[in-house]
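Here are my notes on the model you sent over, in numbered points.

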Amino acid sequence: MIRTAAGPDRPRIEEIVEAAYAPWAEIIGTRPLPMDADYGALIDAGRVFVTGDGPDGLIVLIPEDAMLLVENVAVAPAHHGRGIGRTLLAFAEDQARTLSLPSLRLYTNELMTKNIALYERLGYRETGREDIGGRCVVHMAKPLD
C-alpha cells in the first residue's frame with residue numbers, strides 16, 4: 001500500500017532518511033542532500049508518499065514542466081531487499097502517467113555508484129553532471145512509454 005504521507009509520519013520519515021543515507025555520508029564525505037530536506041513542508045505540499053503503516057519506505061515526487069522529479073527514495077534498512085524501492089519507483093512512473101508527464105528524472109551523487117547502476121538497470125540514463133553545493137551530482141532521466 002502506498003499513500004500520501006501525513007504530519008504524524010514526519011518523525012518516521014526523517015528516521016528512515018537518516019538511516020538510509022548515513023552510510024553514504026561516510027562515502028561522499030558530507031551529508032547527502034535528502035538528509036537536510038524540509039520534510040514538514042514536503043508533506044504539507046503532498047509531495048511525500050510512503051509504504052506501510054510504519055511507514056517503511058518513502059518517495060518524494062515533484063511535478064515539473066515536462067517530467068516528474070524523483071527527489072528522494074529511501075527505505076528503512078531493516079526492510080532492504082524486499083522490493084520496496086522498486087515498488088516506489090514504479091509508483092512514480094504511474095504518477096507521471098497520471099499527470100501526463102512523459103518522463104521521470106532524478107539525481108544522485110556521483111560516488112553513489114550502486115544507486116547509479118540500479119537506476120541504469122531500471123531504464124534511467126545519465127543526462128549530465130553538475131556541482132550542487134560542492135557535491136558532483138549525476139542527473140538521470142527515464143522516458144515513459
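**Notes on the fold**

1. Start with the hairpin made by β6 and β7: 2 residues sit between the two strands, and G133 in that turn has a positive phi of about 60°. Bear in mind throughout that this is a predicted model. Taken as a whole, β6 and β7 (residues 135–143) pair in the antiparallel sense, over 7 bridges.

2. Now step back to the sheet those strands belong to. It is an open sheet of 7 strands with mixed pairing, and the order reads β1-β2-β3-β4-β5-β7-β6. Which strands stand at the edges? They are β1 (2–4) and β6 (125–132); each has a single partner strand, so one side of each is left without a neighbour in the sheet. From one strand to the next, the twist averages 30°.

3. Two helices deserve a look against this sheet. Helix α1 (residues 10–28) packs on it and touches β2 (48–51), β3 (57–63), β4 (68–75) and β5 (103–109). The direction of α1 makes about 90° with that of β4. Helix α3 (residues 84–98) lies across β1, β2, β3, β4, β5 and β7, and runs at about 160° to β4.

4. Next, β4 and its partners. A hairpin of 4 residues links β3 to β4, and these two strands run antiparallel, joined by 7 bridges. Within that pairing, L61 stands opposite V70 in β4. With β5 the pairing is parallel, through 3 bridges, and here L68 stands opposite L104 in β5. Is β4 enclosed or open to the outside? Of its 8 residues, 7 are buried, so β4 is largely enclosed by the rest of the structure.

5. V70 lies in strand β4 and counts as buried, at 4% relative accessibility. Leaving aside neighbours within four places in sequence, V70 is in contact with I59, V60, L61, L89, A92, L104, R105, L106 and Y124. As for G123, it is 53 residues from V70 in sequence and 14 Å away in space, C-alpha to C-alpha.

6. D94 and L144 are 50 residues apart along the chain, and their C-alpha atoms are separated by 9.6 Å.

7. Last, the empty space. Rolling a probe the size of a water molecule over the atoms shows where such space is left. The largest pocket holds about 820 Å³. How many residues line the largest pocket, and which lie nearest its centre? The lining has 37 residues, with W24, V73, N115, L118 and Y119 nearest the centre. By type, the lining divides into 22 nonpolar, 9 polar and 6 charged residues. At least two lining residues come from each of α1, β4, α3, β5, α4 (113–121) and β7. Several of these elements came up above: β4 as the partner of β3 in a hairpin, α1 as a helix packed on the sheet, and β7 as the antiparallel partner of β6.

Conventions:
Residues are numbered from 1 along each chain as its sequence is written. This is a predicted model: local features need pLDDT of at least 70, side-chain atom pairs count only at pLDDT 80 or more; totals for chains, interfaces and linings use all residues. Side-chain values use heavy atoms; hydrogens and water are left out. Two strands pair if DSSP finds at least two bridges between them. Axes are lines fitted to C-alpha atoms, for helices over the stretch in contact, and angles run from 0 to 180 degrees between N-to-C directions. Contact means heavy atoms within 4.5 Å. On a 1 Å grid over the protein atoms alone, a cavity is a set of points where a 1.4 Å probe fits but cannot get out, and a pocket is an open set with protein on both sides within 12 Å along at least five of seven lines; lining residues have an atom within 4 Å of a point. Grid points are joined across faces, edges and corners, and a volume is the space filled by probe spheres set on the points. Ala, Val, Leu, Ile, Met, Phe, Trp, Tyr, Cys and Pro count as nonpolar, Asp, Glu, Lys and Arg as charged, and the others, Gly among them, as polar. Buried means under 20% relative accessible area, exposed over 50%, partly exposed in between (1.4 Å probe, protein chains only).
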